[in-house]
Amino acid sequence: MYYEKIQLKTVYDFLGKNDCNPTVTVYLPNNLWEMNRGHLKKQCMIVCPGGGYDNCSQREAEVIGTEFLNEGYNVFVINYSGRGHSFPTQICEMAAVLDLIHNNAEAWNCDVEKIAAIGFSAGAHLVAHYSNRFDCAEVRSFFPNSYPLNAAILSYPVITAIPELCNRDSIVRVSGSSEITDEVVNNFSCELMVTEKTPPTFIWHTVADHMVPVENSLLYASALQKNKVPFELQIYPYGFHGLATVDERTNNELDEKVKLAADWIPSVKKWLKVIL
């Protein structure tokens, strides 16, 4: 396996402004030359951990990447900017990872027509935001040829900025506004951005999530349906926010009811085999 941690500001110097230091950790499974697979192009998975746009959770980073590495994906785990940095910082860092994949497609054996991203909580907001606004003026001013995603996976996602349903801390941090105004709602509610060009999306959430209400996922699924975008929605009855892999790797204690949500991992793998 090839492994490399890249400081994005060394490739895109403008990403180092205001003390930003985003990184992407690259995991590339070996192509098996002895089996005549040396030039096989692999699908790619970008992993966006949660953390309320404050930090990037370790429990939703490398351990998630290994799930897809074992399926033969090239994996890219992004550690994007958090507290003190707001739009368009994070979405431009996401654009940089896509740009890096496209620019190194030959060397890294990447199939650029099969790039998915998986996000958790605020990281899922970043994925949904990028899914719909990858070509917005703020991104295109830095990346004139910014690239779309081919599929998105949203895990207990922060989606809306509607005050009674949003995760306020996440929206305040990414918007840079101390108040959730109508403008913030319109600019950071991902369900309002969905079009027929939004990539196919897999969503999972738990009804018992008290940090990010399940309505976030339901709103996004409804918007996908209205715009005829293929999607799968998995809602589990039990489980707290931040379940990640829903096993001992990322949780200290889980009861049997909560473990029902572990089904999201095999479900999303099956879904990706159809979608990508």
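Me: Where does His205 lie, and how is a strand assigned?

Reply: Strands are DSSP runs marked E of at least two residues, and helices are runs marked H or I of at least four, both numbered from the N terminus. His205 lies in strand S7. A word on the source: this is a predicted model, where local features need pLDDT of at least 70, side-chain atom pairs count only at pLDDT 80 or more, and totals for chains, interfaces and linings use all residues. Residues are numbered from 1 along each chain as its sequence is written, and side-chain values use heavy atoms, with hydrogens and water left out.

Me: Is His205 buried or exposed?

Reply: Buried means under 20% relative accessible area, exposed means over 50%, and partly exposed is in between (1.4 Å probe, protein chains only). His205 has a relative accessible area of 0%, so His205 is buried.

Me: What does His205 touch?

Reply: Contact means heavy atoms within 4.5 Å. Residues up to four places away in sequence are not counted here. The contacts of His205 include Tyr156, Pro157, Val212, Pro213 and Ser217. Gln234, Ile235 and Tyr236 are also among them.

Me: How do I read the sheet? What is the strand order?

Reply: Two strands pair if DSSP finds at least two bridges between them. Here 8 strands form an open sheet in the order S1-S2-S4-S3-S5-S6-S7-S8. The pairing is mixed. Strand S1 (2-7) and strand S8 (231-236) are the edge strands, and each pairs on one side only. For angles, axes are lines fitted to C-alpha atoms, for helices over the stretch in contact, and angles run from 0 to 180 degrees between N-to-C directions. Neighbouring strands of this sheet are turned by 15° against each other on average, direction ignored.

Me: How many bridges join S7 to S8?

Reply: There are 6, and the two strands run parallel. One case is Thr201, whose bridge partner in S8 is Phe231.

Me: How many salt bridges does the structure hold?

Reply: Side chains of opposite charge can pair when their charged atoms come close. The cut-off: a side-chain nitrogen of Lys or Arg within 4 Å of a carboxyl oxygen of Asp or Glu. The structure holds 8 salt bridges. In one of these, Arg83 pairs with Asp54, with the closest N and O atoms 2.5 Å apart. Arg83 lies in the loop between strand S4 (74-79) and helix H3 (89-103), and Asp54 in the loop between S3 and helix H2 (62-69), so the pair ties together parts that are 29 residues apart in sequence. Arg83 counts as exposed because its relative accessibility is 55%. Asp54, at 25%, counts as partly exposed.

Me: Which residues does Lys269 pair with?

Reply: Glu67 forms a salt bridge with Lys269, with the closest N and O atoms 2.7 Å apart. This pair links distant parts of the chain: Glu67 is in helix H2, Lys269 in helix H10, 202 residues apart. Both Glu67 and Lys269 are buried. Glu71 also meets Lys269 in a salt bridge (3.6 Å, N to O). Glu71 sits in the loop between H2 and S4, 198 residues from Lys269. At 34% relative accessibility, Glu71 counts as partly exposed. A network of salt bridges links Glu67, Glu71, Asp247, Arg249 and Lys269.

Me: Where is Glu93, and what does Glu93 touch?

Reply: Glu93 is in helix H3. Its relative accessibility is 0%, so Glu93 counts as buried. Leaving aside neighbours within four places in sequence, Glu93 is in contact with Leu8, Leu15, Cys20, Pro22, Ile78, Tyr80 and Ser81. The C-alpha atoms of Glu93 and Ser81 are separated by 8.1 Å, and the two residues are 12 apart along the chain.

Me: Where is Leu100, and is Leu100 buried or exposed?

Reply: Leu100 is in helix H3. With a relative accessible area of 6%, Leu100 is buried. Its contacts include Ile6, Val11 and Trp108, not counting residues up to four places away in sequence.
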